[in-house]
Amino acid sequence: MFSSKFAKRLVAGVLAGCMLFTLAACNKSKDSSNKGGSVVVGITQEPGTFDPHTVVAAGDREIIFNIYDGLYKFSSDGSLNPALATGCDISSDCKEFTFTIRENVKFHNDKDLTVDDVVYSINRMIENDASYAATISSVDKVSDSQVKVTLNESDSEFLAKMNFGIIPADVADIAKTPIGTGPFKFKEYLVGQSVTLVKNENYWKDESLPYLDEVVFKICPDMDAGLLELQNHSIDIFPHMTKDKADMVGSGFDILSAPSNMVQIFALNNAVAPFDDIRVREAMNLALDRDELINLSMDGAGMPLVTAMSPAMGEAYDSSLVPYTYDEAAAKALLAEAGYENGFDMTITVPGNYLVHVNTAIAIADQLKKVGINATIEEVDWNKWLEDTYTGRNYQSTVICLTSDYAPMDVIDRYQSEASGNFINFANDEVDEIISKIPLTLDDNERMELYHELLGILRDNHISCYIQDPMEITVVNSELEGYEMYPMYIQDMSTVKYK
C-alpha cells in the first residue's frame, strides 16, 4: 500500500496456505519483569525489499522501521525527534544542516556507528532517490562527530527527509543482509511464510528496550486467513483490519482504533482518455457517494475526503474546501458535454491482496453504473500492480491508499509534474511553481497558505477521486501492552511487552 496502510487478501491465495506455517502461541515465554517472549504479527503482503534506501511499499516500511534508525525518527504522536543525531544546527536560510551524531551506538554487526557511515548512507540515498538528488548539493564530514548537509535551495521542512535508515558503509548488499541500529535485528525471511526479527541487546535508545526477544511477521494470504489465525490464537497482533472482521475475533483480544492519516484514492490516469478531460474527472467525483462507499468498505470507519490531503495533517489542510455532493444529474450532464452521453467502458486495476480496496472498487463500479459508466474490475497481484500500475503507469484507474510521513510536503510533492510518485500523470505549471516555493518559505503561516492554495488547485482540477482517510483498526492480544498506533504506516514493536 502507499504507500502508502490494511485489510488485505491475495487473489489466488487459499486459506490452507497460511496454515502451513503455524506459530503456536503456547510456545511464547516471558519472565517476571515483563521482558522476553515472542509475538506474532499478521501481515498479508510479501516483503519486496529490506533496503531502506530503495523501499517503496508501505508494508515493507512497517517491518524495517524496527531494523533501522534515521538521524531523526517519527514517534507515535506524529512528532519528529532526534535519533542517531542528537540535534541539528540549521543556518538562517535553511540551506545548511549540521548534524551531531550520537556516540556509543552500535550496528547489529557490533560495529560502531561512525560519521563515515552517515555520510555513506546519505550519499547512497541521493543515488537511489531523485528527490534527494535534486535537494542535496553536498554531504561533508565536519569532524568525527558532525556531518553537514548543504542544500541546493532553502528547505524549511528538510529535517523530515532525514528519517531514512542509516546503514554500515561496508555492507555490500543491505537488501539481503539488513543491518541497522534499530531495536530488532534481522534473523530470517522465509518466502511466503514469515520474517523473523530478534532483540537488539545493544539498542542505543533505552537499555530496557525492546522488551520482546523475538517478533515474527507472519505472511497470510488474506484477512480471512488472518482472522482464523487470530481466533486460533496463533497470531497476536493484526493491523489494518476491517471493522467487521475485528468484531468477529472473539475474546482474548483488544480492538484499537485511531485515524490513520492515509488517503484512499480512486486514482484516474490523467494522461489516458477519457480521464484527460477535466469534465469527465469532475463527473466521476459527482457520481460517487462517499458516505456509502465508506459504509460498504469500512463499515463507516472512515473520514470522507475532498482533496489530496487528510484533515489529520492539521494546519496544512484547508478546512474551507467544499466537499463533493453526490449529484447524478450533474454528473450525466458533464459526461454529455464531454461527448460521453452514453457513458463509456473503463477498467479499475486493483491489488487483490488489499480487501478494502477491492471492496471499494466493487462499490465504485456499482455507483458508476447509475451514470452510464461500465467499470470492469481487474484484480492483480501486488508485484504486478507495483510494476505495471504504479511504476509503469499502464492503467486507466486504480484504488489504493497513499501513505506519508507526518509532513505535508511528503503528501503533496508527488503531484509535481515530473515526480516519480506522480502515477496519476497530473501535470500543472501552477502546481509545480507552488510546490517549488514551499521549501523556500520560512514563515510558517505563509507556508500553510501555500499548502491551502495548492490543495484548492488540485481539488478544482478534480485530479482523481479521493474517497476516505480510513480508521486504522488493530487487533492486539489482551496479554500484551505497550502497542502504539502511529498516524503513519508503522509497526513499532520496541515498546510491546507482556503484562
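Helices (H or I, at least four residues) and strands (E, at least two) are DSSP runs, numbered from the N terminus.

The model is predicted, with local features requiring pLDDT of at least 70 and side-chain atom pairs pLDDT 80 or more, whereas totals for chains, interfaces and linings use all residues. Residues are numbered from 1 along each chain as its sequence is written, and side-chain values use heavy atoms, leaving out hydrogens and water.

## Order, edges and the packed helix

The open sheet has four strands in the order E4-E5-E7-E6, with antiparallel pairing. Strand E4 (85-90) and strand E6 (136-141) each have a single partner strand, so at these edges one side of each is left without a neighbour in the sheet. From one strand to the next the twist averages 20 degrees.

Helix H3 (residues 115-128) packs on the sheet and touches E5, E6 and E7 (contact means heavy atoms within 4.5 Å), its direction making about 165 degrees with that of E6; axes are lines fitted to C-alpha atoms, for helices over the stretch in contact, and angles run from 0 to 180 degrees between N-to-C directions.

## The second largest pocket

The second largest pocket holds about 320 Å³ of space, and of its 18 lining residues the closest to the centre are Glu 157, Tyr 406, Pro 408, Arg 447 and Met 448. A pocket is an open set of points on a 1 Å grid over the protein atoms alone, where a 1.4 Å probe fits, with protein on both sides within 12 Å along at least five of seven lines, and lining residues have an atom within 4 Å of a point; the volume is the space filled by probe spheres set on the points, which are joined across faces, edges and corners.

Helix H14 (residues 444-460) gives the largest share of this lining, three residues.

How values were computed:
Two strands pair if DSSP finds at least two bridges between them.
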